[in-house]
Amino acid sequence: MRLHRVYTDQDLQPGQEVSIRDRSAHYLTRVLRISAGQPICLFNGDGHDYAAEIVRPGKSRVIIAVNSRLPVACESKLQITVVQAISRGERMDQTLQKCTELGVQVFQPLFSERVEVKLRPEKLERRMKHWQGVVVSACEQSGRAFVPRVLEPVDFGDWLNQPGHGCRLVLVPGARRSLASLEIPGPLELAIGPEGGFSDVELELMVSRSVQPVSLGPRILRTETAAPAAVAVLQALAGDFA
Ligand code: SAM
């Protein structure tokens, strides 16, 4: 039987019981129809899995006994921050889901000139929660025990003025340098344009601030394809697919 992995934001200690509520309780009880005594795997983003066992199932609350802490070794040694210009609806979710599966550690959503999504404060809070949920689900599925961070969206100019986390790259169709030809120097940030791409002014500004334009080959990819494709190339270069 497949062992289900479930995320909780609680501290997990072997020998103690935890109570799982809301979305996860509903999923365990209604969708998976778990029963007392069934083994399960919990994780809380601290880099470990926790072997556990259902004590008491319930519609809104499930009691689980934590048995032991297990190491998980599936993180890439390459530190990647995906700086994604916010795309519409499910496209952004797909970027977050696929890039989490592929090992990205940080997401920086970006408001650039051609981003068509508007997020007022109350909507922004809901959207951030939703994005965090997408990332957590992708960790549950892919076996990751570290949960990538989804940072609060920033404006293009603010991002450009930040010091940056290592080498900065921007995906630009037709750029002279190909991503696949790079020697991976260490931690990096990878910027991806929205559906309409970055504007010429934004591209010029990036180049003037040492953000390196790189291409992903001869075809124009949708924005939600470009990020996972680029991350896959980077992980292959870094030996993560070995
Ligand atoms: N006409 C737009 C342009 O030329 O930028 C197309 C935008 S594309 C749908 C969305 C984003 O995906 C681009 O801004 C770029 O960051 C990335 N992208 C798509 N295909 C690419 C390629 N072949 N090489 C590099 N980046 C690409």
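By class, 10 nonpolar, 6 polar and 2 charged residues form the shell around the ligand. This is a predicted model, so let's work through it with that in mind.

**Exercise 1. Find which residues come closest to the ligand, and which polar backbone atoms lie beside its N and O atoms.**

Solution. 
- Step 1: Start with the shell. The ligand is surrounded by 18 residues, and the closest are Leu171, Gly193, Leu216, Arg219 and Leu221.
- Step 2: Look at the ligand's oxygen. One oxygen atom of the ligand lies 3.0 Å from a backbone N or O atom of glycine 193.
- Step 3: Turn to nitrogen. A polar backbone atom of leucine 216 is 2.9 Å from a nitrogen atom of the ligand. For arginine 219, a polar backbone atom is 2.7 Å from a nitrogen atom of the ligand.
- Step 4: The ligand exposes 560 Å² when taken alone, and the protein buries 82% of that.

**Exercise 2. Work out which pocket holds the ligand, and describe its lining.**

Solution. 
- Step 1: The space it takes is the largest pocket.
- Step 2: Give the volume. The largest pocket holds about 390 Å³ of space.
- Step 3: Find the centre. Among the 24 residues lining the largest pocket, Leu171, Pro173, Ile220, Leu221 and Ala226 are the closest to its centre.
- Step 4: Assign the lining to an element. Helix H6 (residues 223–237) gives the largest share, 3 residues.
- Step 5: Sort by class. The lining of the largest pocket has 12 nonpolar, 6 polar and 6 charged residues.

Notes. Residues are numbered from 1 along each chain as its sequence is written. This is a predicted model: local features need pLDDT of at least 70, side-chain atom pairs count only at pLDDT 80 or more; totals for chains, interfaces and linings use all residues. Side-chain values use heavy atoms; hydrogens and water are left out. On a 1 Å grid over the protein atoms alone, a cavity is a set of points where a 1.4 Å probe fits but cannot get out, and a pocket is an open set with protein on both sides within 12 Å along at least five of seven lines; lining residues have an atom within 4 Å of a point. Grid points are joined across faces, edges and corners, and a volume is the space filled by probe spheres set on the points. Helices (H or I, at least four residues) and strands (E, at least two) are DSSP runs, numbered from the N terminus. Ala, Val, Leu, Ile, Met, Phe, Trp, Tyr, Cys and Pro count as nonpolar, Asp, Glu, Lys and Arg as charged, and the others, Gly among them, as polar. A residue is near a molecule or strand if one of its heavy atoms lies within 4 Å of it. A polar contact is a pair of N or O atoms within 3.5 Å; within protein, one must be able to donate a hydrogen and the other to accept it, and residues adjacent in sequence count only if both atoms are side-chain atoms. Accessible areas come from the Shrake-Rupley method with a 1.4 Å probe; for residues, only the protein chains shown count as cover. A molecule sits in a cavity or pocket if more than half of its atoms lie within 2 Å of its grid points.
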